[in-house]
Amino acid sequence: QVQLVESGGGSVQAGGSLRLSCVASRYTSSSVCMGWFRQAPGKEREGVAAIYTRNGNTYYTDSVKGRFTISQDNAKNTVHLLMNSLRPEDTAMYYCAANWGLTCYGGNWYRSSQYNYWGQGTQVTVSP
């Protein structure tokens, strides 16, 4: 059973930065689509960013482009999400997800149903 463990959440003021990390218990150097999702109270879970570790291709939802950066560290089986210029609307529980059989292509990365492993989540709160 693969485990994903997130860390790095916290409370910041608008304009601040946080870096989330997701450590996997399985090698990320193999072909895996790893994504970050978020869910705010009363809202559906939405895809934020993803990375296909085979070639490093990255994907972002429009609202975070230019502010968030997803990256991989295969030596540590870790994926990071650097979040800059945070806004109050970024407040949510952030989840790491993975699918070793998914390429991330064609919008697959955005669909939570495509992932078969999930972390427990880390809370991000951005105050005005």
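Modeller: What follows is a set of questions on those labels, with the values behind the answers. Keep in mind that the model is predicted.

Colleague: Let us begin with the salt bridges. How many does a search of the whole structure find?

Modeller: The search finds four.

Colleague: Why is the contact of E46 with R38 called a salt bridge?

Modeller: The closest N and O atoms of E46 and R38 are 2.6 Å apart. The cut-off is 4 Å, so the pair qualifies.

Colleague: Is R38 buried or exposed? And what about E46?

Modeller: R38 has 6% relative accessibility. Buried means under 20%, so R38 is buried. E46 has 26%. That value falls between the 20% and 50% limits, so E46 is partly exposed.

Colleague: What makes R38 and D90 a salt bridge?

Modeller: Their side chains meet at 2.9 Å, N to O. That is within 4 Å, so the label holds. R38 sits in strand β4 and D90 in the loop between β8 and β9, so this pair ties together parts 52 residues apart in sequence. D90 has 1% relative accessibility and therefore counts as buried.

Colleague: Which residues are linked with R38 in a network of salt bridges?

Modeller: E46, R67 and D90 are linked with R38 in that network.

Colleague: How do you know that D62 is exposed?

Modeller: The relative accessible area of D62 is 63%. Exposed means over 50%, so D62 passes. D62 also has a salt bridge, with K65, at 3.0 Å from N to O.

Colleague: Now the aromatic rings. How many aromatic pairs are there?

Modeller: The count comes to seven.

Colleague: Why is the pair of W100 and Y117 called edge-to-face?

Modeller: The ring centres are 6.0 Å apart, within the 6.5 Å limit, so W100 and Y117 pair. W100 lies in the loop between β9 and β10, and Y117 in strand β10, so the pair ties together parts that are 17 residues apart in sequence. Both W100 and Y117 are buried.

Colleague: What makes Y115 and W118 edge-to-face?

Modeller: Their centres lie 6.0 Å apart and their planes are at 65°. The angle is over 60 degrees, so this pair is edge-to-face. Y115 is buried, with 6% relative accessible area. W118 is partly exposed, at 26%. With F37, Y115 and W118 form one aromatic cluster.

Colleague: How do you know that R45 sits over the ring of Y95?

Modeller: The charged end of R45 is 3.9 Å from the centre of the Y95 ring.

Colleague: On to the core. Which residues have the most contacts inside the largest nonpolar core?

Modeller: They are L4, M34, W36, L81, M83 and Y94. This core has 29 residues. Among the elements that give two or more residues to the core are β3, β4, β8 and β9. Apart from this core lies another, of 10 residues, including F37, A50, Y59 and Y115.

Colleague: Why would such residues gather?

Modeller: In soluble globular proteins, nonpolar side chains tend to be buried together.

Colleague: What makes β3 and β8 a pair?

Modeller: β3 and β8 share six bridges, in the antiparallel sense. The rule asks for at least two, so they pair. L20 stands opposite L81 in β8. The two strands belong to an open sheet of four, in the order β1-β3-β8-β7.

Colleague: Why are β1 and β7 called edge strands?

Modeller: Each of β1 and β7 pairs on one side only. The twist in this sheet averages 15° from one strand to the next.

Key: Residues numbered from 1 in each chain as written. Predicted model: local features only at pLDDT ≥ 70, side-chain atom pairs only at ≥ 80, totals over all residues. Heavy atoms only, no water. Core = buried A, V, L, I, M, F, W, Y, C linked by side-chain atoms within 4.5 Å. Buried < 20%, exposed > 50% of the residue type's maximum accessible area, 1.4 Å probe, protein only. Axes fitted to C-alpha atoms, helices over the stretch in contact; angles between N-to-C directions. Phe/Tyr/Trp six-rings, centres within 6.5 Å; stacked < 30°, edge-to-face > 60°. Lys NZ or Arg CZ within 6 Å of the ring centre and 35° of its normal.
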